[in-house]
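Trainee: Could you take me through one part of this model in detail? I would like to follow it slowly, step by step.

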Amino acid sequence: MAASLLAQPAAAQSNSASKTLPVTGRAPVICAIDNPRVQPGSLVNFSGVDGNTLRILQFADPQTLAAKAASATIAFAAVCNFPHRIRIESQNNGMWPTDGRVSAAATGFAYAVPYQARATWDGVDVRLDTDGKVRRTEQSSATVDEPAAGDLDLRIDIAQGASNVAVNAPLLAGDYIDTLRIFLEPQ
């Protein structure tokens, strides 16, 4: 009899239950640009980046007082997790005296210095040509049809003798400045 009890299968009982628990998250739509880094070997007549300021070593030729050539390539680590637009903007449409004066009355002297900026990001190039003719905001943009991450490169070029009046015109005395902005933004 004991053998017959052992040979019979035990009735299965289940005390388990299940519940589905969804786990969700949301990545915000965002673009970010890190601090600038000078690309090795790219500085011509620039001392480098001081914080977020790019400084020209010698702005005017000491013999002719015309603008000296200068160029630099700066890289920014950047990321944008959605299709977006890259825009570069010059606040002044060239480099202008910091004291705000405009002196077209000084015949033959330059009172602003034009330059070119080119941004390269995720295979897209954006070129901005300032002319220094009128002090105003100047901008250029392009669309990027996909998310992107990596280096955003910015190249700045000031031509030898660049001037808003005539090539090789002497510069009026003073400190010159422009603010160049880079935007990664919704299309």
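This is a predicted model: local features need pLDDT of at least 70, side-chain atom pairs count only at pLDDT 80 or more; totals for chains, interfaces and linings use all residues.

How many aromatic pairs does a search of the whole structure find?

Mentor: Searching the whole structure turns up two aromatic pairs. One of them is formed by F59 and Y176, whose rings sit 5.2 Å apart, centre to centre. The angle between their planes is 45°, and the pair is classed as tilted.

Now look at where the two partners come from. F59 belongs to the loop between β3 (53-56) and β4 (70-80), while Y176 is in strand β11 (residues 176-177). They are 117 residues apart, so the pair links distant parts of the chain. F59 and Y176 are both buried. Another ring to find is that of F183: R87 lies over its face, at 3.9 Å from the ring centre.

Let us move on to the strands. Five of them make an open sheet in the order β1-β4-β10-β7-β8, and the pairing is antiparallel. The edges are taken by β1 (31-38) and β8; each has a single partner strand, so one side of each has no neighbour in the sheet. On average, neighbouring strands in this sheet are turned by 20° against each other, ignoring direction.

You can follow the pairing at both ends of that order. Begin with A77, which is located in strand β4. Its C-alpha atom and that of D34 are separated by 5.2 Å, although A77 and D34 are 43 residues apart along the chain. Leaving out residues up to four places away in sequence, A77 touches A32, I33, D34, R37, G150 and D151. A77 counts as partly exposed because its relative accessibility is 31%, and that class covers values between 20% and 50%.

At the other end, strand β7 (residues 116-121) runs antiparallel to β8, and six bridges join them. For example, T120 has D125 in β8 as its bridge partner. The loop between β7 and β8 holds D122. D122 has a positive phi of about 50° although it is not a glycine. That is worth a second look because most residues other than glycine have a negative phi. D122 is partly exposed, since its relative accessible area is 35%.

N93 also has a positive phi, of about 60°, and is likewise not a glycine. You will find N93 in the loop between β5 (84-90) and β6 (96-97). With a relative accessible area of 0%, N93 is buried.

T130 is in the loop between β8 (124-129) and β9 (138-144). The side chain of T130 reaches the backbone nitrogen of Y115 at 2.7 Å. Is T130 buried or exposed? It counts as buried, because its relative accessibility is 8% and the limit for buried is under 20%.

Technical notes: Residues are numbered from 1 along each chain as its sequence is written. Side-chain values use heavy atoms; hydrogens and water are left out. Rings of Phe, Tyr and Trp (its six-membered ring) pair if their centres lie within 6.5 Å; planes under 30 degrees apart count as stacked, over 60 as edge-to-face and the rest as tilted. Helices (H or I, at least four residues) and strands (E, at least two) are DSSP runs, numbered from the N terminus. Buried means under 20% relative accessible area, exposed over 50%, partly exposed in between (1.4 Å probe, protein chains only). A charge sits over a ring if NZ of Lys or CZ of Arg is within 6 Å of the ring centre and within 35 degrees of the ring normal. A polar contact is a pair of N or O atoms within 3.5 Å; within protein, one must be able to donate a hydrogen and the other to accept it, and residues adjacent in sequence count only if both atoms are side-chain atoms. Two strands pair if DSSP finds at least two bridges between them. Axes are lines fitted to C-alpha atoms, for helices over the stretch in contact, and angles run from 0 to 180 degrees between N-to-C directions. Contact means heavy atoms within 4.5 Å.
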